[in-house]
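This report examines how the parts of one protein chain are held together. Please keep the sequence and the structure in view while reading.

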Amino acid sequence: MTASFPIRPRRGLSLLCVITAFTFSVVIVIWFSMNSDREYIHPILTQLIPAGHCACESSTTFQCSTCLTCPEPALQADISPAWSFEYARDGHNEALDQSQCKAAFPGLFEDVARGGKFWSSHGRLSSTELDDITIKHGMARAFISNGQLYVVSARSKGEDHRRKILGTLSSIHRALAADPEKASRPDIEFVFSVEDKVDDVTNSEWPVWVFSRTPTEEGVWLMPDFSFWAWDNPDNYMGPYDQVVERIKRLDIPWSEKTPQLVWRGKPSFAPKLRRALMEAARDKSWGDVKQVDWTTGSNVLKMEDHCHYMFIAHVEGRSYSASLKYRQACNSVIVAHKLQFIQHHHYLLVADGPNQNYVEVERDFSDLSEKMEPLVKNTDVAKRIANNSVKTFRERYLTPAAEACYWRSLFDGYAGVWNGTVEQLSETKDRERGLRYESFVLLESLKMYEFEAAITEQWQATL
């Protein structure tokens, strides 16, 4: 007879405790790897970090080297051959007319054309679609009527939201105020979000204006981010973007005096998979000056203009897009960026190779960083050409105040082309004005902007 001996309950309980303890330890280790800003974490732990927000398994490869010379065909009409853009004369001219905008910035309006095509084939737009969009924190609804900007509603969870919403509205107002065709501009109504990602507050099926999108988020419309207007926070004074550019131009140094290294400063915990991959790829390399910062002690902090003293500047996305790219593009330096996942309005002008190359593209895991860097460090003349192309493309053209204003008005026009709705001035249910003029909105106390809805806000209008 064969006897059977069941596992003793005590032994089974011990095994369960061991498995639980091991699992808990793994979770703690991964959590530590993701949230630590230590300079060094073992590469094995780096590999264990999940992709998280950065979604490292996907990226956008721009096939847009022709965008500098061959824009969307529909945008080529009515370009005056007698006028051409000159940076010194026109870079700060926010009042270029439509034909001048098209002549000055070929390729800049690609995403507007894309959005127009998408919504033309998906039934066009009206207030019905907008009414279905829930206005969450970090979102606002507004309309343009008779060339004036009105705020219908705005929701902010705190000062960060409020300032970003205000910066966005201010940029829109600036583009309208300088518009030569302001009087004939058609009325439109729209919703925008200042959150980092589309799915933070809405979904890509709605026609929301956003700062960035992934290739599959086709229903949204790209707009310039809030910091073109200005950005300041307690830890880092920046100012208006054009002021930052002027400061960088004034403090930049000749190419021959720049340090032939790749510089990057940031917090690894903000996007650990990407940022620690960069740190590991540059570790112990003679051309690497890649360090984490500690904002509490000021350790390794580098002013934006001081980045420009290096020949090479690394760019890494955060939890979504990184607004810092345009500041780096203000330097006469080579931008080295991994394959980007998130698209901003000016990304169509990025050129990774050929005679118009204006940045260096590497894999998202930075596995080919050494392969790309070493030839450029050895032959800095090639690097200088790429840096010069970047300046001519971005600092002196597509990121100028003139280009930003032109893009906003192109967005208004493209959106209006698929807008079938009407813009009502009065609320039928409240029997009050639906929108507050931008000029009055900016005078409200900060707290009154947090949960703002024009039709029910008694502080600024009397009962009719």
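Predicted model: local features only at pLDDT ≥ 70, side-chain atom pairs only at ≥ 80, totals over all residues.

Arg265 belongs to strand 8 (residues 259-266) and Asp289 to strand 9 (residues 288-292), so the pair ties together parts that are 24 residues apart in sequence. Are these two residues buried or exposed? Arg265 has a relative accessible area of 13% and is buried. Asp289 counts as buried too, at 9% relative accessibility.

Lys291 is partly exposed, with a relative accessible area of 35%.

## Other salt bridges

How many salt bridges does a search of the whole structure find? The search finds 28. One of them joins Glu94 to Arg174, whose closest N and O atoms are 3.9 Å apart. Glu94 lies in the loop between helix 3 (87-90) and helix 4 (98-104), whereas Arg174 lies in helix 7 (residues 159-177), so this pair ties together parts that are 80 residues apart in sequence. Glu94 is partly exposed, with a relative accessible area of 23%. Arg174 is likewise partly exposed, with a relative accessible area of 21%.

Salt bridges can also be linked to one another. Asp131, Arg141, Glu189 and Arg434 are linked in a network of this kind.

## Two disulfides

The structure holds two disulfides. In one of them, Cys101 is joined to Cys406, with the sulfur atoms 1.9 Å apart. This link is left-handed, with -70° about the S-S bond. Cys101 is in helix 4 and Cys406 in helix 14, and the pair links distant parts of the chain, 305 residues apart. Both Cys101 and Cys406 are buried.

The other disulfide is formed by Cys308 and Cys331, whose sulfur atoms are 1.9 Å apart. The torsion about the S-S bond of Cys308 and Cys331 is about -50°, so the disulfide is left-handed. This pair links distant parts of the chain, 23 residues apart: Cys308 is in the loop between helix 10 (304-307) and strand 10, and Cys331 is in the loop between helix 11 (325-328) and strand 11. Cys308 counts as buried at 0% relative accessibility, and Cys331 counts as buried at 0% as well. When the bonded cysteines of the chain are numbered in sequence order, the pairing is 1-4, 2-3.

## A covered strand and its neighbours

Strand 11 (residues 334-338) is mostly covered, since five of its five residues are buried. Which residues lie on each side of strand 11? Val334, Val336 and His338 are on one side, and Ile335 and Ala337 are on the other. In a regular strand, side chains alternate between the two faces of the sheet.

Strand 11 is paired with strand 10 (residues 310-315) through four bridges, and these two strands run parallel. Within this pairing, Val336 is the bridge partner of Ala314. Three bridges join strand 11 to strand 12 (residues 360-362), again in a parallel arrangement. Here, Val362 in strand 12 is the bridge partner of His338.

## An enclosed helix

Nine of the eleven residues of helix 9 (residues 272-282) are buried, so this helix is largely enclosed by the rest of the structure. Among the buried residues of helix 9 are Pro272, Leu274, Arg275, Arg276 and Met279. After helix 9 comes Asp284, which has a positive phi, near 65°.

In soluble globular proteins, nonpolar side chains tend to be buried together. The largest nonpolar core here has 95 residues, and those with the most contacts inside it are Phe105, Phe190, Trp209 and Phe441. Helix 14 (residues 401-416) gives the most to this core, with nine residues.

Leaving aside residues up to four places away in sequence, Trp209 touches several others, including Phe190, Phe192, Trp221, Trp408, Phe412 and Tyr415. A second, separate core has 26 residues, among them Trp264, Met311, Val316 and Leu369.

Note on methods
Residues numbered from 1 in each chain as written. Heavy atoms only, no water. Salt bridge = Lys/Arg side-chain N within 4 Å of Asp/Glu carboxyl O. Buried < 20%, exposed > 50% of the residue type's maximum accessible area, 1.4 Å probe, protein only. Pairing = 2+ DSSP bridges. Core = buried A, V, L, I, M, F, W, Y, C linked by side-chain atoms within 4.5 Å. Contact = heavy atoms within 4.5 Å. Disulfide = S-S within 2.5 Å.
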